[in-house]
Amino acid sequence: MARQTTIEERVPSAATRLIAWLGYAFLLMPSLVVLPMSFGTGTEFDFPPKSFSLDLYREYFSEPSWVASTLTSLQVAAASAALSLLIGGLAAYGIVRYQFRGKKLLTIFLLSPMLVPTIVVALALYLYLGIARATGTTWGLILCHAVVCVPYVIVTMMAGLRQVDRNLEIAATIMGASWFGVLTRVTIPLLRPTILASGLFAFLISFDEVVISFFVSGVRTQTLPVKMYSTIHWEISPVLAAVSSLLTILSLGICILVAALQKER
Amino acid sequence: MAEMVRLDGITKAYGETVALHPTDLSIREGEFVTLLGPSGSGKTTLLNLIAGSTAPSAGEIWLKGRDVTQVPANRRELGMVFQNYALFPHMTVAQNVAFPLTLRRRPRAEIRREVMRALELVHLPHVAKRKPRELSGGQQQRIAIARSLVYNPSLILMDEPLGALDRKLREALQFEIKKLHEELRMTVLYVTHDQEEALTMSNRICLMNEGRMEQVAPPQEMYFRPATEFAAGFLGVSNIIRVAVEGRGAIRVGERFALSGVPGLTAAPGEVVPVMIRPEAIRLAAGSAAENVLEAEVEDVVFLGGVTNLVVRTGQGERFTVRQLTRRSDAGWQGGMPVSLSFDASDVVPLNGAAPQ
Ligand SMILES: Nc1ncnc2c1ncn2[C@@H]1O[C@H](COP(=O)(O)OP(=O)(O)O)[C@@H](O)[C@H]1O
Ligand SMILES: [Mg+2]
């Protein structure tokens, strides 16, 4: 050890803590403002709300276009999470478990959607779907979202796989398990928390995604964030407050679930 | 008895580094063979080659008369016990032990019966429903042993299975493994860097050093007739000295000390060869009057209870460790005392391959 860690170094000073809390407050502020607003009434945003009601939520659930875009988002998020789990999981398995030429290059390539600015990816996908005549289709949207989700799945799955003791796989093999047997009876069960966590993250990324969806979704495949975005343009409806609150709660729920899964390991 | 394993010039190199030089070995059915050697001597490499989890650079591996060099690990029908237990954390103890049987699609009732029988063999039938992490290290390793023998593999490989356990537990498990080996007539290839473990458990010891087999012999022979300086130094305490060969089986140790009839001495007269004498084979007497002895002076005395270790130094500057049973009537050895040493020709062990194999 180079030097001793003193008590002062380990406990952050009052100033540091103040800055940290200010940072949190700044980040949390929009949600904290939106949540009370969502219980307001009427046709205007008002903060703080003058009365408490569930009118805005009622409006959200009874308006077919809101419900339709929510269903589209759920469908797309579930499908692209599943697809990116499959692709990302296999890619991570190959990268962690095998040695081959060009491995570094392949890894960077697979992670590149995370490194390139989203708007660039969005434009590229827009042009690409145009050529493939898939603009405005659900499956086109699912593929596009999978492109963004796969890098996150790869990163978390690689970390998870590195945690799996190689000796367990070797032990299973020596006892007679085939490659597939080891995968299904040992590796995947041990990776279960990681698989669930990265699947949930992929779901969340897809559900929140707006830039790419804005480029490639059509009238019949409008996702919830795209619908919210266009609502801001046409009519600033206070229903947005209710939708935003629901989105925040969903994200929070998934994050808590992921944290719980991490603990389980 | 039938041959279980045969290694023919098996070799493993990682790039420039040779982990295992060409090695031959034959293990008979029912034998308990131990690979003994310091860390990095190639023991694990050899075990992994037999298990099939590493591919050899050259050579052949035969199991039960079948060339398995190209056979994948999961078709070799072997059992293996690892130092870190390698129990599946997501399965109960019973599921762990059942694993190899489940893979073989045995009927449920048979699996249940065999699992209980294996757990009884390691005295742990009551933990069947627990998860491995709820067990102590010793219990986990017992479960791993039960899992390795439940499907009657033709050969069980054990890589330092007791390395992570404390001394008392280690001795208890040594005894249990040995007992299982005798009762079930298993063939075991065992790896350890602990010489006592190797001496107490094995039918034969393969002493490994820097990727080579230094000597292969039963424990008694390995201890009493080591073939090389490395073997003599690795097992027990030894005195290794250089002596001049005077004739057939005759050596001169000191000015007034010569011996004839040294067994296994093949060097020609005039050569200087290394020989080993165990500390307990040396006789010690006070003074220096006797004929045909080596004169020396006591340097150090270490009283160990039943035995006393002495370090003595000869006129030529050679040091000997001498081990004596402690007697109450002993005058008491003291530093600086002049003494005379002697030993029998039959206790002199010529080294560097001079011993008969
Ligand atoms: N995967 C590997 N890559 C490179 N060198 C290795 C590898 N495995 C083992 N070695 C080398 O081979 C030698 C023997 O190792 P090993 O068989 O593990 O020894 P032991 O089990 O006797 O301690 C060591 O020098 C080690 O560094
Ligand atoms: Mg080793």
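Chain B exposes about 16700 Å², with carbon and sulfur atoms supplying 49% of it. That area comes from the Shrake-Rupley method with a 1.4 Å probe. Note that this is a predicted model, where local features need pLDDT of at least 70, side-chain atom pairs count only at pLDDT 80 or more, and totals for chains, interfaces and linings use all residues. Residues are numbered from 1 along each chain as its sequence is written, chains are lettered from A and ligands numbered from 1 in the order written, and side-chain values use heavy atoms, without hydrogens and water.

Staying with chain B: of its 357 residues, 51% are buried, meaning under 20% relative accessible area, with exposed over 50% and partly exposed in between (1.4 Å probe, protein chains only). Its C-alpha atoms fill a box of roughly 80 × 50 × 40 Å along the principal axes. Chain B has eight helices and 20 strands. Those are DSSP runs: helices are H or I, at least four residues; strands are E, at least two; numbering starts at the N terminus.

Now one residue. B:R142 sits in helix α4, residues 137-149. Buried or exposed? B:R142 is buried, because its relative accessible area is 17%. Its side chain makes a polar contact with the side chain of B:E176, at 3.0 Å. Polar contact means a pair of N or O atoms within 3.5 Å; within protein, one must be able to donate a hydrogen and the other to accept it, and residues adjacent in sequence count only if both atoms are side-chain atoms.

Last, B:S136. This one lies in the loop between α3 (108-121) and α4 of chain B. B:S136 is partly exposed, at 39% relative accessibility.
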